[in-house]
Every structure is written in C-alpha cells, then in structure tokens.
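I want to look up its pockets first, then its rings.

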Amino acid sequence: MKSGVRVTRDHLGKVSDGIRQLAKRQAMVGVPGDNANRQAGEPITNAQLAYIHTFGAPEVNIPPRPFLQPGIAKAKPQIMAELRGAADAAIEGDATGVEIGLARAGQRAATAAQTEIRNGLQPPLSPATIANRAQRSAGSDYRRKATEADAKPLWDTGQLLRAITYVVRSR
C-alpha cells in the first residue's frame, strides 16, 4: 500500500547540523572580561561596578539600581524575534544565519541594558552625589551648574555604559 508521500530531497542531515549548531552556541550579555577594565589606576572593574549597582552596597550607601535584567525584560519581544530567526536558520541548516541571529539577539539585549542607564535609574542620586560630580568635573570652578549627566546614576564617566556588550560563544 502506498502512502502518497514521496521524498524528493532529504535535508535531515542539514537540519540536524543546524540544530546542533544552535544548541552549541549562546549569546551572553553583560560586561565580559575584555571590557571589564576601567581607566588606569581605578581600583574597581566595570564588571564589579555592574554587580555593585545591580545588587547595591548598603555598607557604603549604594542602593540597588539594576539595569541588565530590566532592560532585557523590556526588550524581550525583540530579542525573542531574533532568537526565532536563529532557530529558523538552524532548521534551514544555515550555520551563518544561526550566528547572525544570536548576535542580533545579543546586540538587542545589550542595547536595552544601555538604554535603561540612559533613561535614568531609580532611585535618583542624592543631592550630595550630584554636587560632588559637578565639583569634580568642574575642576576649581565650584560654582558650575550641575548637568543632566551629573544627575543620572551610572552615567558619570560612561565607562560602564560602553562596557556593556554581548558575546556569542560555545557552551
């Protein structure tokens, strides 16, 4: 008895390879080791600074100001669309498409975390911190008016903001 189904091409090997490729790779978002260092002479890395600000340091009056997880959560629909693109590429057996999809998802997530910082985090900085920033950046001119950057948490030098990125790597 015939089933009426006829196989004209067998792409199973290609599909299996693509799915295996996707399963072996992952996009990681945050402050990787290559971006962790800050300016010479600073005693803390960007990765350590991200951790401190995510969870807070009550012993030195730093409240938690998470930016990575909230940013990613807000961008979840766009990130998921890119991951679906990577999955579609895997089903097509397109290893390059898998890499591109994972990279796009990672970039969207990193940008979302940076946007959280750019938009301003809660709680706001204390008036004393804002005044200290204005004084420090003004050199000897203590009467300089505070700028928007002086008032934004994690916005002071921009080093942490620029350190947030993604990597696609093997599991």
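Predicted model: local features only at pLDDT ≥ 70, side-chain atom pairs only at ≥ 80, totals over all residues.

I began with the second largest pocket, where the lining splits into 9 nonpolar, 2 polar and 2 charged residues.

Next I turned to the largest pocket, with a volume of about 560 Å³. I found 26 residues lining it, with Leu49, His53, Ile62, Thr129 and Arg133 nearest the centre. Which helix gives the most to this lining? That's H6, with 4 residues. Helix H2 (46–55) and helix H8 (159–163) are also among those that supply at least two residues each. By class I noted 12 nonpolar, 8 polar and 6 charged residues in the lining of the largest pocket.

Then the rings. I found 1 aromatic pair in the structure. It's Tyr51 with Phe55: the ring centres are 4.8 Å apart and the planes meet at 50°, so I put the pair down as tilted. Both residues sit in helix H2, 4 residues apart, or about one turn of the helix. Is Tyr51 buried or exposed? I have it as exposed, because its relative accessibility is 55% and the cut-off for exposed is over 50%.

Last entry: I looked at Trp155 and saw the charged end of Lys152 sitting over its ring, 4.7 Å from the ring centre.

Note on methods. Residues numbered from 1 in each chain as written. Heavy atoms only, no water. 1 Å grid on protein atoms, 1.4 Å probe; cavity = no way out; pocket = protein on both sides within 12 Å on 5 of 7 lines; lining within 4 Å. Points joined across faces, edges and corners; volume = space filled by probe spheres on them. Nonpolar A, V, L, I, M, F, W, Y, C, P; charged D, E, K, R; others polar. Phe/Tyr/Trp six-rings, centres within 6.5 Å; stacked < 30°, edge-to-face > 60°. Buried < 20%, exposed > 50% of the residue type's maximum accessible area, 1.4 Å probe, protein only. Lys NZ or Arg CZ within 6 Å of the ring centre and 35° of its normal.
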